[in-house]
Amino acid sequence: MPLSRRTWGAALTALAFMSSPVMAEEQAAQITAPTANKSPTKPSHATADHTKFESLKKAFNSGPEVTEACIACHTEADDQVMHSIHFKWDYTHPETGQKLGKSNVINSFCGSVAGNEPRCTSCHAGYGWEDMASPPPQQSTAVDCLVCHDRSGQYTKTATGAGHPALDPVKPGTKTITGAMAWPVDLSKAAQSVGLPGRDNCGNCHFYGGGGDNVKHGDLSSALYAPDKSVDVHMSPDGQDFTCSTCHVSDQHAWAGSRYAVHASDPEGTGLPGQRRDVATCQSCHGTEPHAATNIKGMKLNDHTDKLACQTCHIPEFARGGVATKTKWDWSTAGKRDADGKSYHESNFIQSDGKHLHTYMSIKGDFDWEENAKPIYAWFDGQVEYTTGDMTIDPTKRVEVNRIKGDPDDGKSRIWPFKRMDGRQAYDTKLNKLVYTHVWGPTTDTALWTNLDWAKAIEAGMKAAGQEYSGEFGFVDTYMYWPTTHMVAPAEGAVECAECHAKDGRMEGLTGVFMPGTDSMNLTGILGRLIVLATLLGVLGHAAIRILWGSKSKGDHHG
Amino acid sequence: MAKRCVKVYPRFERFWHWSQVLLISALLFTGFGLNGLHGILPFGPTVMLHTITALALLALWIFATFWLFTTGTWRQFIPRIDGMLQVARFYAYGVFKGEEHPYDKVLWRKHNPLQAATYFALKWFVFPAVWVTGLLYLTYNAWADMVAGSTAIIAVVANLHLLAGYVIAAFIIVHVYLLTVGHGFRSHVKPMITGYDEIDLTPEQEAYLETNEPQRLM
């Protein structure tokens, strides 16, 4: 079974996501729906069997029709979801006041949602959001219940349908949000299958962020549908078999765990039984002294928790489990054409499973990939500040698309692991601002992926985002940071002490922490060596004189 | 005065000495490993070994201190100026000419004046420096929250600890080397194994030992 799951995952990812806007050559042969979930269904503890509900025993013609049936009983669910970040894509940071969320931010991957709506909003937890300039549709039936609750394994949204599922007849060439060829979804079967979300419900969107499997996060990939224990001790069917919501606990459709305002440390620990429904921290289950304090080793490891996040030792590398992550994306080289004037691509990165990944695409530029990648480390107080489209940048320096804030002395910052994305992306050379780009649009004469023309794509993107644009653009080097918090290895797979406690260790250059073993040649080290050396020389000299003098004056004294 | 073979190192003192040899060697080896001088053992197990060995040595020192004071042996370690110059002159000059060591062991003075002064400095400055800094190092998390600038303080503590370690290493080099001076390495090491050494006894001491502690005389 694990083999077939893997084959399935490979088949999914083998299809280049978002890479061919025109797919006329695709065969019209009917694609059949998967018959099983990518992550196995756990025994249900529910008190209701949705297959017995009369209101679900019918043919549904659209997603919203199913939602209508759901909210006839779950009267508050639509309202709850509509107030969640999964639906709003809008987040005002409580500390910095920045307007964040997918509808606002610019990243170093596909840039921005604005200007590329039906493609990007295919992963919206709703139906029919086609314009970022307006809030998502507000009717109750615009909520997509099935994307999170379908347990039949055959519900999927199309890649370019603004959140709508693939329905019969499926237009040939249509793809799903995971890049697979789309099949006609049986909405009735999906509606009757509902249950608590499995890893696949969350993963079908979150594992494919940035345009493909593990492209964006590095620690969220299709490897987590059914990971080996060594890849994720919690999520592995051979381990704890956690779903995402085992940690990302929810209350009335609001989930714990945010990438904009992270709990970098958690002094509260487990709380009283059943109490904590608002955090997804390691400490909320493992407590604040997670290692057994019954021995010196456990005590010494616990001593690290004032400086380190759990993730720092327990996620030795990201992009584990056989799926690489994109580590560099240079948009500036996009637009090259082959001898025939057509767009082309190169696939020079070979993943551990033998799959070739794109390293150049005319529509996207140059990429680098990494598998089993070592994180970088930085002090992190949980707050992430974004370089939003309205902020002025200094193009003479590398621009940080988001900034990790932290202070070794504030008591709440910890050293965290991050994936650092190396980017080169477009900006307005007169106004010195990052730009919104219109990349997707198979029928427009401005979309980059259709026309390979940056000038048009930026102008259209800025117009869609309602931003001022000088008309002149260039490219600037960027960094973007992604906190690494998934793919927790079993204890025996944690980072070895000497990975950090050594010269040129993993945390080389990090200040605000004293690290034994990293600098044996400091002033004290040199002084100590000199003391020992001088002593040795003194003793050897003394011995040499004794031997020389002794042989010269032998027999003179012991008479 | 008569030279007699007397038991000068009772069983506990020999145990104390050889345990220290073992523990201090282990501490120096693991300590320098942790400092990054070598990577013969993995870091984690080295931390455990260093910590456990250090705690064992501290326990031994507590017993030894108790023993020193209850038996009065502590007097052996009081430094004296008297005779120190002669010993210093011997090491710096006389030894090369093959002179006899100027100091003769007596029952209540096992150490020559220079030796006693060295042990005094070791016991009062270097060893306390190493265990005070070591305990602060080990218990960092217990006090870090209570003082300002704990990151800077631990760096100072760690460097003092390291420096003390190097000084102890230097002491050991001299200590072992000096075993070869005078009567020679074997005759210097042997008493610390058997407990017996040639000592000048006054007639009174001889009479006392023969009467009261005959097992100490060979």
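Modeller: Let me begin with the contact between the two chains, to which chain B gives 38 residues and chain A gives 36 residues, where contact means heavy atoms within 4.5 Å. This is a predicted model, in which local features need pLDDT of at least 70 and side-chain atom pairs count only at pLDDT 80 or more, while totals for chains, interfaces and linings use all residues. Residues are numbered from 1 along each chain as its sequence is written, chains are lettered from A and ligands numbered from 1 in the order in which they are written, and side-chain values use heavy atoms, with hydrogens and water left out.

Colleague: What makes up the area buried between chain B and chain A?

Modeller: Buried area is the accessible area (1.4 Å probe) that two parts lose on being put together, summed over both; here it is about 3,200 Å², and carbon and sulfur atoms give 69% of it. Phe43(B), Phe96(B) and Tyr177(B) supply 22% of the area that chain B buries against chain A, more than any other three residues.

Colleague: Why is the pairing of Asp90(A) and Lys99(A) called a salt bridge?

Modeller: The term asks for a side-chain nitrogen of Lys or Arg within 4 Å of a carboxyl oxygen of Asp or Glu. Asp90(A) and Lys99(A) have an N to O distance of 3.3 Å, so the pair meets that rule.

Colleague: What makes Glu206(B) buried or exposed?

Modeller: Glu206(B) has 17% relative accessibility, so this residue counts as buried. The side chain of Glu206(B) also forms a salt bridge with Arg4(B), at 2.8 Å from N to O. That pair links distant parts of the chain, 202 residues apart, with Glu206(B) in helix H8 (residues 203–212) and Arg4(B) in strand E1 (residues 2–7) of chain B, where helices (H or I, at least four residues) and strands (E, at least two) are DSSP runs numbered from the N terminus.

How values were computed: Buried < 20%, exposed > 50% of the residue type's maximum accessible area, 1.4 Å probe, protein only.
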